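Thanks for coming. I will take a few minutes to walk through one model, strand by strand and helix by helix.

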Amino acid sequence: MKKIVLFGDSIMAGFHDGVMSDILTDAIQKHFPKDEVINVSIPGYKTSNAVTRVEQDIVSLKPDIVVLGFGANDISTTDEIKPGKFSSNLATMIEAIGASKVILLSPPYTDWVKNPTRPWTRQLQFELVTEHLAKQMDVSYIDLLHQMTSQSVTKLLQEDGLHFTKDGYILLESKLVPEIKATLVKQNELVSN
């Protein structure tokens, strides 16, 4: 049995219709019925919070796969985190977990008209930083920002312009599941060699 851990902010935690839900956890679990999917995401978290808890919340679980989904809060200009610090925090977490176990998500799209503290320029900046880090550290990467903007984003986001609708979670599931499967295959190949 493999252990798949989801670690991120309220998007990863399944914040839906005003409450926390298992919408993402259950969606991933149905594709991996023989494995354990654990969601330790915390609403409101930035990478600066997460980096202080990665050892006790993630490494201690001895995961086979860790999906890191941060950025929705990091991109905010309120209590601003610089892109370099965001990248450094992610790198510290990836090193602690092990690059071969990590699937890294870019920050998601946010409606900057409804959320002016999350401007489009920062969304792009943080996606580029995340993509560069993924290449640099050789980790699996999903450009969630551009996956979302290639569709009708109004269907993907709730009224707050930040949290995902059911369609948003269906999109996230459709991108995560093949990446998790591919990462498990890669790990099996490493073990057998």
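How many bridges join strand β1 to β3, and do they run parallel or antiparallel? There are 5 bridges between β1, residues 3-8, and β3, and the two strands run parallel. Before going on, some ground rules. This is a predicted model, where local features need pLDDT of at least 70, side-chain atom pairs count only at pLDDT 80 or more, and totals for chains, interfaces and linings use all residues. Residues are numbered from 1 along each chain as its sequence is written, and side-chain values use heavy atoms, with hydrogens and water left out.

Helices (H or I, at least four residues) and strands (E, at least two) are DSSP runs, numbered from the N terminus. Two strands pair if DSSP finds at least two bridges between them. Buried means under 20% relative accessible area, exposed means over 50%, and partly exposed is in between, with a 1.4 Å probe and protein chains only.

Start with β3, residues 65-69. Of its 5 residues, 5 are buried. Ile65, Val67 and Gly69 sit on one side, Val66 and Leu68 on the other, and both faces are covered.

Phe7 lies in β1 and is buried, with a relative accessible area of 0%. Contact here means heavy atoms within 4.5 Å. Leaving aside neighbours within four places in sequence, Phe7 is in contact with a list of residues including Val40, Ile58, Val66, Leu68, Phe70 and Met93. Val67 is also in contact with Phe7; the two are 60 residues apart in sequence, yet their C-alpha atoms are 6.0 Å apart in space.

On to β4, residues 102-105. β3 and β4 run parallel and are joined by 3 bridges, with Val67 partnered by Ile103. The chain gets from β3 to β4 through helix α5, residues 83-97, and this β-α-β crossover is right-handed. Right-handed means that, with the strands pointing away from the viewer, the path from the first strand over the helix to the second runs clockwise.

In α5, the buried residues include Phe86, Leu90, Met93 and Ile97. The buried residues of α5 pack against β1, α3, α4, β3, β4 and α6. After α5 comes Gly98, with a positive phi near 110°.

β4 is also covered on both faces: Val102 and Leu104 are buried on one side, Ile103 and Leu105 on the other. Which strand does β4 pair with over 3 bridges in the parallel sense, besides β3? That is β5, where Ser140 stands opposite Ile103. Together, β4, α6 and β5 make another β-α-β unit, and this unit is right-handed.

Helix α6 covers residues 120-137. Its 18 residues reach 26 Å from first C-alpha to last, close to the 26 Å expected at 1.5 Å a residue; the expected span is 1.5 Å times one less than the number of residues. Among its buried residues are Phe126, Val129, Leu133 and Met137. Seen down the helix axis, the buried residues of α6 fall within an arc of 165°, so they line one face; the arc is that of the directions from the axis to the C-beta atoms. On the other side, Thr121, Leu128, His132, Lys135 and Gln136 are exposed. The buried residues of α6 pack against α5, β4, β5 and α7. Just after α6, Asp138 has a positive phi of about 55°.

Last, the cores. A nonpolar core is a set of buried Ala, Val, Leu, Ile, Met, Phe, Trp, Tyr and Cys residues joined through side-chain atoms within 4.5 Å. The largest has 30 residues, and Val67, Leu172, Leu176 and Ile180 have the most contacts inside it. Its largest share, 7 residues, comes from α9. A second, separate core of 27 residues includes Ala50, Phe70, Ile75 and Leu104.
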